[in-house]
Amino acid sequence: MVRNIDDFDFCLPSHPQSILEGLQTLRSNPKLSDVTLIVGGQKFPCHRSILALCSQYFNAMFAGDFMESFSAHVEIKDVDPITMESLLNFAYTGKVTINQRNVEALIRTSSQLHFPVIQKVCSRYLRQQMDASNCLGICEFGEMHGCSEISSEAWSFLQENFELVSQQEEFLQLSKERLIIYLSNNLLQVQKEQSLVEAVLRWVKYEKLARVMHLPELLDLVHLVSLPDQYLQNMLSSEPLIQESEACKAIIARHRSTRLKALPQKLEEVLVVVGGRALEENDEDEEEPHFSRNVAFYNTNTKTWIALPDFPDYNKWGFSMIALNNNIYITGGSRGSQNDTWSTTQSWCFCLKKAAWKSIAPMLKPRTNHASAVLNGEIYAIG
């Protein structure tokens, strides 16, 4: 196009907002709308083009060769009218109010009708509201509706705060199947080694008659082998639920007989390796890595490698390791999915005398690919 030297380009900054506000006003006049949505018996006059721009669902509906593409009235089933009104208001104004009463309904409906912006902002809201009292419900909700960001962050919160979460009413109301899923996670961090056992006992006692039959199965998931022998003995002698079950007694006796023995106390200089993937010959083409014996030490005198108990957080990378007082300390590191990783504040200690890993006080800030050093009996995290 040839431009004249006297051409004047004018742009009205308020025009987009004025058009949106005008379209919102036109919704109240059925003559000026081109489709009416019927939701739960309520009628919502609106415009196909606006809906198609905001929702992939309506785009496919109105742009295709479907009856809805030319029908004056379109019924939307299995949607709450109040939630539908919120989505339509957003389509015309770009504004939506999210709170604890409506966030789950908004996520469900925006997922069903493909409003991606609403899905994203509601997911962010749920993650910000997450705490020990609701993380389990948020995790299940995220998995049910395909919100991987929500469920992934809820899993992370549970792993780092299991002891606090297990004290909540939500934990006590878990189904057995869901409890097994959580207890089977090897990344649960606890300050006290017996916390898993105590959480299971609380869950069983909450509805004793219906749940006591599941106690033997659950006890097999709580790492009895790492508990002090005195604690196991006390369970056998003083816990009524254990005393009433021969199956529970047998499980505890089996774990006591096979529990890890303390490493020899003779001091020798060794080289310790933690983490990585043990790649077997038949694993090369597998998508999921096979982890086996991710901790070992090399004795420079005997020139032999000896395996140690596995580091529990085997999916973590970028952590730092240091030795202090003949114990091994690991700080930070990242974990998550291939496309969604995050740094952590987690810290672990491998206690030589107990031959076991335990979670210790977290760092003040998340760190990955950092360094650690020991000075005057204290550990410093750097970078």
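Okay, let's start with E244: this residue is exposed, with a relative accessible area of 56%. Exposed means over 50% relative accessible area, buried means under 20%, and partly exposed is in between, using a 1.4 Å probe and protein chains only.

Quick housekeeping. What you see is a predicted model, where local features need pLDDT of at least 70 and side-chain atom pairs count only at pLDDT 80 or more, while totals for chains, interfaces and linings use all residues. Residues are numbered from 1 along each chain as its sequence is written, and side-chain values use heavy atoms, with hydrogens and water left out.

So, which residue does E244 pair with? Its side chain meets that of K208 in a salt bridge, 3.9 Å from N to O. By salt bridge I mean a side-chain nitrogen of Lys or Arg within 4 Å of a carboxyl oxygen of Asp or Glu. Side chains of opposite charge can pair when their charged atoms come close. K208 sits in helix α13 (residues 208-211) and E244 in the loop between α16 and α17 (246-258), 36 residues apart. Helices here are DSSP runs of H or I with at least four residues, strands are runs of E with at least two, and both are numbered from the N terminus. K208 is partly exposed, at 38%.

The structure holds nine salt bridges. Another one joins K205 and E239, at 3.5 Å from N to O. K205 is in helix α12 and E239 is in the loop between α15 (229-238) and α16 (240-243), so this pair ties together parts 34 residues apart in sequence. Is E239 buried or exposed? E239 is buried, at 13% relative accessible area, and K205 is partly exposed at 47%. There's also a network of salt bridges linking R127, E149 and E153.

Now the inside. A nonpolar core is a set of buried Ala, Val, Leu, Ile, Met, Phe, Trp, Tyr and Cys residues joined through side-chain atoms within 4.5 Å. The largest one has 74 residues, and L37, F58 and M84 have the most contacts inside it. Helix α12 (residues 195-206) gives the largest share of this core, seven residues. Apart from it lies another core of twelve residues, including V274 and W348. Back to M84: leaving aside neighbours within four places in sequence, M84 is in contact (heavy atoms within 4.5 Å) with L37, V39, F44, F58, V79 and L113.
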